[in-house]
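Subject: Structure for you to look at

Hello,

Please find the structure below. Have a look at it first, then read my notes.

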Amino acid sequence: MRNDVRTLREARGWTQKELAERLGVSRQTVIAIERERYDPSLPLAFTIAEQLERRIDEIFHPA
Amino acid sequence: MTSPNFESDFSGWKRRFWLAIGAYVVILTVAIRWLNTLETVPFWAGPLAVLVCLLPAGYALASGAILTERHDGLERSLLHRSTSIAFFVTMVTCVTLGLMEGLTRTGPISAWVIYTVGMLTWVVAHKRLATRLA
């Protein structure tokens, strides 16, 4: 699944570590999501959307 | 910060895990020495010793399960997937060895074979999945 997590995170000036702390996940998880190698679970996707203040479908797109 | 911190929870879990493994080794050593001191071993002594040894191991397992339940993410996915693969391979190994022992003249095969196959499979599966996903 494609996503705009990196773009939205950088637009907020957050580091990967900062986003990881906000989400309660490891930095490796954020890296894997941004590289589109790992699709987050639905609850984690909702938390990402909440932190980035976007709807899920504005962040994640079907491949 | 809105969520529990993964890094601090993970380092806390590592400390608890190794403490539990240490307790397991100590209890196992004591249990073996105790069983060896008995003139005749009552039927309940062996299972009791095993159960007592499993207490810290169960604690280590439970604290790992709590950690992965608290924190969604790559680690949970890696753990679940690699454990599933290792469980399947371990079960197949058990059945194969059981059949070989029962149907051939190979004699009893060491349980360390099952442990080694299971652990090696888990480590290899975890490493390969981590390389692919991370």
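What covers the buried residues of α1(B)? The cover includes α2 and α3 (74–103) of chain B. Please keep in mind that this is a predicted model.

**Helix α1 of chain B**

Start with the helix itself. Helix α1 of chain B runs over residues 6–37. That makes 32 residues. From its first C-alpha to its last, α1 reaches 46 Å. This is close to the 46 Å expected at 1.5 Å a residue.

Which residues of α1(B) are buried? They are Phe6(B), Asp9(B), Gly12(B), Trp13(B), Ala20(B) and Ala31(B). An α-helix has 3.6 residues a turn, so residues three or four places apart point the same way.

**Chain B as a whole**

Chain B has four helices and zero strands. From the N terminus on, its elements run α-α-α-α. Now compare chain B with a globule. A compact globule of 134 residues would have a radius of gyration near 14 Å. Chain B has 19 Å instead. Its C-alpha trace spans about 60 × 35 × 15 Å along the principal axes.

Of the 134 residues in chain B, 24% are buried. The accessible surface of the chain comes to about 9400 Å². Carbon and sulfur atoms hold 73% of that surface. Contacts are worth a look too. Take those in chain B between residues at least 6 apart in sequence: 71% of them join residues at least 24 apart.

Find Thr93(B) in helix α3 of chain B. Is Thr93(B) buried or exposed? Its relative accessibility is 14%, so Thr93(B) counts as buried. The cut-off for buried is under 20%. Leaving out residues up to four places away in sequence, Thr93(B) touches Ile114(B) and Val117(B).

Next, go to Leu55(B), in helix α2 of chain B. Leu55(B) has a relative accessible area of 61%, so this residue is exposed. Here the cut-off is over 50%.

**A nonpolar patch**

Leu55(B) is also part of a nonpolar patch on the surface. Which helix gives the most to the patch? Helix α2 (residues 45–70) of chain B does, with three residues.

**Chain A**

Chain A has five helices and two strands. Along the sequence, the pattern is β-α-α-α-α-α-β. With 63 residues, a compact globule would have a radius of gyration near 11 Å. Chain A has 10 Å, which agrees. The C-alpha trace of chain A spans about 25 × 20 × 20 Å along its principal axes.

How much of chain A is buried? Of its 63 residues, 46% count as buried. Chain A exposes about 3500 Å². Carbon and sulfur atoms supply 47% of that area. Among contacts in chain A with a separation of 6 or more, 55% are between residues 24 or more positions apart.

**Where to begin**

Begin with α1(B), then find α2 and α3 of chain B, which are among the elements that cover its buried residues.

Best wishes

Definitions and conventions: Residues numbered from 1 in each chain as written. Chains lettered and ligands numbered in written order. Predicted model: local features only at pLDDT ≥ 70, side-chain atom pairs only at ≥ 80, totals over all residues. Heavy atoms only, no water. Patch = residues over 30% accessible without salt bridge, like charges linked within 9 Å, V, L, I, M, F, W, Y side chains within 5 Å. Areas by Shrake-Rupley, 256 points an atom, 1.4 Å probe, with all protein chains shown as cover. Salt bridge = Lys/Arg side-chain N within 4 Å of Asp/Glu carboxyl O. Buried < 20%, exposed > 50% of the residue type's maximum accessible area, 1.4 Å probe, protein only. Rg over C-alpha atoms; globule rule 2.2 N^0.38 Å. Contact = heavy atoms within 4.5 Å. Expected span 1.5 Å × (residues − 1).
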